[in-house]
Amino acid sequence: MKPNFSLRLRVFNLNCWGIPYLSKHLADRMKRLGDFLNVESFDLALLEEVWSEQDFQYLRQKLLPTYPAAHYFRSGIIGSGLCVFSKHPIQELTQHVYTLNGYPYMLQHGDWFCGKAVGLLVLHLSGLVLNAYVTHLHAEYNRQKDIYLAHRVAQAWELAHFIQHTSKKADVVLLCGDLNLHPKDLGCRLLKEWTGLRDAYLETRDFKGSEEGCTMVPENCYVNQQELEPFPCGIRIDYVLFKAVSGFYISCKTLKTTTGHDPHSGAPLSDHEALMATLCVRHSPPQDSPTSSHGPAERSPLVNVLKEAWAELDLGVAQARWWTSFAGYMIGLGLFLLAVLCALAAGGGVREVAILLGTPSVGLVLGAGAGYLFHMQEAKGLCRARAELQHVLGRVREAQNVGPETRPALLLEQQEGNRGEDQ
């Protein structure tokens, strides 16, 4: 690779709000999205909430001349909703489905059925290895009483782990997606501190778009205005994050967002705003580059964010165990009622009543049993993430207490230890 190597990468990201039969004007929006992507000819287009595989196939055919490489990440019952379109050949593909993803009995939310995940594609661009990730974390339905907070923190930690362990051979790392996290939320800080990823909105030299970079704005006619009442300017929950390793330097030259409407036709492409970033990669970072040569363990805010995440997961474990115990009591109650009803039926006096009441008792046992198994699994998943955080926190503290001459070896041990924890 030449010493004066430089590369420009244009990236597009959008949560498409593609719920069949429920999302408004879906077919028209998909058509306009395809037209827009063909006109703009990005290097990479990463999309979320393309829930229908038919919509993906439609986009694939429409975008084939401009984006010959495409992939749809399948998971869960409904699907992950993640897909990618690339002008360049995709060398490798894989995905990771998050361990925790909401509750199956919260039918009105539906996240559990979607199989939220992170997708990875590896591209080779002029000798440079690019790892591009696309993801969609669990939605936040009530900021004041967020019953999914522990799940979203666990997903952010799982995402950070996945990126760290799959990007060791990459020169450039790119993460796009709907994180459902505000910039100062715990999960967002945890992800950025542990991976070293930088926020395109904060790093760009030239920003054009919605105020404060918001990706859900009140000007968009598809947005639920009541949800945005506490946020007059909107909220920023969609991101383009990046970093360079192996002696490369990456910067965000421009970042644009839509502002509640399609730049070409005027109607919105989705209830979210699109992100369009131009990234520049070159050799030999300048000395004042914000990219640190040290590992993530040496950044002072890391200890605090790890403590916060551990505490939040600890609360989640306690809650999951409470529900497990409650479900266990309900199983016992259901079995007791069944035993009493069987005894009454055997007596012959109230057999019809016993048979009639036996059906809900069986339903109680089965429902409570399913709840017991689910919350048991939830508790174990949260315990695993909490144990990983506890291990990392101990290693970070140890790394900060040792001398500089032994610190690099300790940091290397830490990364290998993390991989062992995952296995």
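Visitor: What volume does the largest pocket have?
Guide: Happy to start there, and please keep in mind that this is a predicted model. The lining of the largest pocket counts 39 residues, and those closest to its centre are A139, E140, Y141, E227 and D271. The volume of this pocket is about 1200 Å³.

Visitor: Which element gives the most to the lining of the largest pocket?
Guide: Two elements give two or more residues to that lining, namely β1 and α3 (111–114). The one that gives the most, with three residues, is α3.

Visitor: How many cavities of 30 Å³ or more does a search of the whole structure find, and how much space lies in the largest cavity?
Guide: The search finds three cavities of 30 Å³ or more. In the largest cavity, the space comes to about 60 Å³.

Visitor: Which element supplies the largest share of the lining of the largest cavity?
Guide: Residues that line this cavity include D199, Y201, F207, R236, Y239 and L275. At least two lining residues come from each of α6 (200–203), β11 (238–244) and β12 (248–257). The largest share, three residues, belongs to β11.

Visitor: Which strands stand at the edges of the open sheet, and why is one side of each left without a neighbour?
Guide: The sheet has seven strands with mixed pairing, in the order β3-β4-β2-β1-β13-β12-β10. Each edge strand has a single partner strand, so one of its sides has no neighbour in the sheet. Those edge strands are β3 (69–73) and β10 (207–208).

Visitor: What angle does the direction of helix α1 make with that of β1?
Guide: Helix α1 (residues 26–40) packs on the sheet and touches β1, β2 (44–50) and β13. The angle between the directions of α1 and β1 is about 175°.

Visitor: Which residue in β13 is the bridge partner of N13?
Guide: Strand β1 (residues 6–18) pairs with strand β13 (residues 275–283) in the antiparallel sense, over eight bridges. In β13, the bridge partner of N13 is L275.

Visitor: How many disulfides does the structure hold, and how far from C280 is the nearest cysteine sulfur?
Guide: The structure holds zero disulfides. For C280, the nearest cysteine sulfur is that of C252, while a disulfide needs the sulfur atoms within 2.5 Å. C280 is in no disulfide, and the distance to that sulfur is 8.3 Å.

Visitor: Is C114 buried or exposed?
Guide: Its relative accessibility is 8%, and the cut-off for buried is under 20%. C114 therefore counts as buried.

Notes:
Residues numbered from 1 in each chain as written. Predicted model: local features only at pLDDT ≥ 70, side-chain atom pairs only at ≥ 80, totals over all residues. Heavy atoms only, no water. Buried < 20%, exposed > 50% of the residue type's maximum accessible area, 1.4 Å probe, protein only. Pairing = 2+ DSSP bridges. Helix = DSSP H or I, 4+ residues; strand = E, 2+ residues; numbered from the N terminus. Contact = heavy atoms within 4.5 Å. Axes fitted to C-alpha atoms, helices over the stretch in contact; angles between N-to-C directions. 1 Å grid on protein atoms, 1.4 Å probe; cavity = no way out; pocket = protein on both sides within 12 Å on 5 of 7 lines; lining within 4 Å. Points joined across faces, edges and corners; volume = space filled by probe spheres on them.
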